[in-house]
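Colleague: I am new to this structure and would like to go through it with you, one question at a time.

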Amino acid sequence: PKSDLSRREALKLMSAVVGVGLAAREGGAGETGGWRLSSFVEDVTPPVGNPLFNGLPERARVIDDPLQARGIVLLGAGKPLVLVAVDWCEIRNESYDRWRSVLAQAAHTDKERVLVSCIHQHDSPYSDLVAQKLLKANHVDQDLCDPEFDERTIQRVAAALGKSLENPQPITHIGTGQGKVEMVASNRRYVTPDGKVSFQRVSGEHDPVVRNMPTGLIDPWLKTISFWNGETPVASLSCYSTHPMTYYGKGEVSWDFPGVARALREKEMPSMAQIYFSGCSGDTMAGKFNDGNHQNRPILAERLHQGMLAAWNSTKRHALSKIDFRCAPMKLKPRQGPGFSLEDFTRTLADARQSALERFDAALGLSWRKRVDSGHHIDVPAIDFGPAQIVLMPAESFVQYQLWAQALRPDSFVMTLGY
């Protein structure tokens, strides 16, 4: 009774642990048979000259592929639920709040019910509004992001979402299917011949010795959740655990091989919304099967495409009987070791002798610490459809978390989104 944790918050935490939804208590469940879905696509391509992923020396030099935000809105489950996949590298901290708040307003819902996930292509934007302000305040010439472009993009995506609400389609069934993806994902971690553990395998691995190391821990299954109006498919959400890059770092803006595979599926089934998410992929990438050669992009895309086809062909439909929503607040203790304290971040950021990348990392660290120290928590949301659940995991969660989430519900079809 003397705890600062309210009964409502405690019930939310317990529900997240045991997997029992509070959606009905919170107005999260709709009447059976009353569900609808709208879908939207909007361009999120940066202009030439804009900053990209913070580890890249190049700004956007050429546009190889248009970047997109693709999403759905689920109606009839209390306040609307929004799922959006963005062809950007990362949307962090205050930037993430801004995306969710603006999209929530467009959807007439709460920002906790807006699930935004980046696909994480590296030749794409990377946004943290507070870190950008800190960089400018410390006279760092390079930019982490372009706040004006970010805001214009958010407003366009919100307008596309709002427009989609004018013509939602009924949904009566949910489909679940999975397909094995061959020779795409491998784990960054491997054991060297002298018995040491290395974490150095990268997406485009040039060293043939490292490429030939064992695949390591992955989730070989691409999962697809689809929504149907009777026997007519309306939308398809696919998810696979891997970093989505073949080559990057030269300013060639691209949706990379997942975008190519997504476009192939859209060409095959143009009447259905096709959305792709990266799963928990912090330690999975194509490095065992990719040496960075440009010719590998269509090869990896076709392998992923075959996984999408296999998942679709194995789909089983279930009558939709519920859509529940849960959101568990999570707080993580910030790292305090050398280089990670507030003092170290502040000193590095102010030091003009440090590299731009080191000062970027310090600004990002301070942006995160400001949130933690002011009491912010991370939302970990889940949408429960009965035979299937969608969970959004924060940051670059390793694939092990995805496998653990599936093991917690062996009786069900669990799709974990990352980033």
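**Helices, strands and cores**

Colleague: At what angle do helix α6 (residues 256–268) and helix α7 (residues 296–313) pack, and which word describes that arrangement?

Modeller: The axes of α6 and α7, lines fitted to C-alpha atoms over the stretch in contact, lie 8 Å apart at an angle of about 50°. Angles run from 0 to 180 degrees between N-to-C directions, and those under 35 degrees count as roughly parallel, over 145 as roughly antiparallel, 65 to 115 as roughly perpendicular and the rest as oblique. At about 50°, α6 and α7 are therefore oblique.

Colleague: Before we go on, what kind of model is this, and how are its residues numbered?

Modeller: Residues are counted from 1 along each chain as its sequence is written, and side-chain values use heavy atoms, leaving out hydrogens and water. Local features need pLDDT of at least 70 and side-chain atom pairs count only at pLDDT 80 or more, while totals for chains, interfaces and linings use all residues, since the model is predicted.

Colleague: Which residues of α7 make the contact with α6?

Modeller: Contact means heavy atoms within 4.5 Å, and helices (H or I, at least four residues) and strands (E, at least two) are DSSP runs numbered from the N terminus. On the α6 side the contact includes Phe257, Val260, Leu264 and Arg265. On the α7 side it is made by Arg297, Leu300, Ala301, Glu302, Leu304, His305, Met308, Leu309 and Trp312.

Colleague: Across which strands does α7 lie?

Modeller: One of these strands is β13, to which α7 runs at about 50°. The complete set is β9 (173–180), β13, β14 and β16.

Colleague: In what order do the strands of the five-stranded open sheet follow one another?

Modeller: Two strands pair if DSSP finds at least two bridges between them, and the pairing in this sheet is mixed. The edge strands, β16 (273–278) and β18 (316–319), each pair on one side only, and neighbouring strands are turned by 20° against each other on average, direction ignored. Within the sheet, β13 (residues 221–229) and β14 (residues 232–240) are antiparallel over seven bridges, and the order is β16-β14-β13-β9-β18.

Colleague: Is strand β3 (residues 68–75) mostly covered or uncovered, and how many of its residues are buried?

Modeller: Buried means under 20% relative accessible area, exposed over 50%, and partly exposed in between, with a 1.4 Å probe and protein chains only. Both faces of β3 are covered, with Gln68, Arg70, Ile72 and Leu74 on one side and Ala69, Gly71, Val73 and Leu75 on the other. The strand is thus mostly covered, and its buried residues number eight of eight.

Colleague: Which residue of β4 is the bridge partner of Ile72?

Modeller: Six bridges join β3 to β4 (residues 81–86), and the two run antiparallel. They form a hairpin with five residues between them, where Gly76 in the turn has a positive phi of about 100°. The partner of Ile72 in β4 is Leu83.

Colleague: Which residues have the most contacts inside the largest nonpolar core?

Modeller: A nonpolar core is a set of buried Ala, Val, Leu, Ile, Met, Phe, Trp, Tyr and Cys residues joined through side-chain atoms within 4.5 Å, and the largest has 97 residues. Its largest share, seven residues, comes from helix α2 (residues 93–107). The residues with the most contacts inside this core are Leu83 and Phe227.
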